[in-house]
Amino acid sequence: MEIVFSDHCLEKMGKRKIPRVFVVRTVNYPDIIKPSYSFREERYKRFRNYFMKVICIKRGDKMVVI
């Protein structure tokens, strides 16, 4: 499944200095998936001592990271 990054996501990643590979791992291999509003999903992945939370939505054959 192709992963697409929204402009908002790229802006937040830049400000927080989050490498793209961490977001991709969280989307592809989440430890926890929770449903959210408007058909969105919250995906969580543990990296050492912290969890990363990624909000995404499926659009056809793409996963859009919000």
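E11 and K15 are four residues apart in helix α1 (residues 7–16), so about one helical turn separates them. Helices here are DSSP runs of H or I with at least four residues, strands are runs of E with at least two, and both are numbered from the N terminus. The two side chains form a salt bridge, with the closest N and O atoms 3.3 Å apart. By salt bridge I mean a side-chain nitrogen of Lys or Arg within 4 Å of a carboxyl oxygen of Asp or Glu. K15 counts as exposed because its relative accessibility is 59%, whereas E11, at 42%, is partly exposed. The cut-offs are these: buried is under 20% relative accessible area, exposed is over 50%, and partly exposed lies in between, with a 1.4 Å probe and protein chains only.

A word on the source. The model is predicted, so local features need pLDDT of at least 70 and side-chain atom pairs count only at pLDDT 80 or more, while totals for chains, interfaces and linings use all residues. Residues are numbered from 1 along each chain as its sequence is written, and side-chain values use heavy atoms, with hydrogens and water left out.

How many salt bridges does the whole structure hold? The search finds four, and I shall describe two further ones.

D31 forms a salt bridge with K45, the closest N and O atoms being 3.7 Å apart. D31 sits in the loop between α2 and β2 (32–35) and K45 in strand β3, so this pair ties together parts that are 14 residues apart in sequence. D31 is partly exposed at 45% relative accessibility, and K45 is buried, with a relative accessible area of 18%.

The other one joins K53 to E42, where the closest N and O atoms are 3.9 Å apart. This pair also links distant parts of the chain, with K53 in strand β4 and E42 in strand β3, 11 residues apart. K53 is partly exposed, at 47%.

Let us stay with E42. Is this residue buried or exposed? E42 counts as buried because its relative accessibility is 16%. Its side chain is also joined to that of Y44 by a polar contact of 2.7 Å. A polar contact is a pair of N or O atoms within 3.5 Å; within protein, one must be able to donate a hydrogen and the other to accept it, and residues adjacent in sequence count only if both atoms are side-chain atoms. Leaving aside neighbours within four places in sequence, E42 is in contact with I32, I33, K34, S36, K53, V54 and I55. Contact here means heavy atoms within 4.5 Å.

R43 counts as buried because its relative accessibility is 8%. What does its side chain meet in a polar contact? The partner is the side chain of E41, at 2.8 Å. Not counting residues up to four places away in sequence, R43 touches a list of residues including T26, V27, M52, C56, K58 and M63.

I turn to the aromatic rings. The structure holds two aromatic pairs. In one of them, the ring centres of F22 and F47 are 4.7 Å apart and the planes are at 35°, so the pair is tilted. F22 belongs to helix α2 (residues 20–28) and F47 to strand β3, so this pair links distant parts of the chain, 25 residues apart. Rings of Phe, Tyr and Trp (its six-membered ring) pair if their centres lie within 6.5 Å; planes under 30 degrees apart count as stacked, over 60 as edge-to-face and the rest as tilted. F22 is partly exposed, with a relative accessible area of 23%, while F47, at 11%, is buried. Ring pairs link F22, F47 and Y50 into a cluster.

Another ring, that of F5, has R20 over its face, at 4.4 Å from the ring centre. The criterion is NZ of Lys or CZ of Arg within 6 Å of the ring centre and within 35 degrees of the ring normal.

Finally, the strand pairing. Strands pair if DSSP finds at least two bridges between them. Strand β1 (residues 2–5) runs parallel to strand β5 (residues 62–65), with four bridges joining them; E2 has K62 as its bridge partner in β5. Strand β4 (residues 50–59) runs antiparallel to β5, also with four bridges, and here K58 is partnered by M63. The hairpin of β4 and β5 has two residues between the strands, and in it G60 takes a positive phi near 65°.
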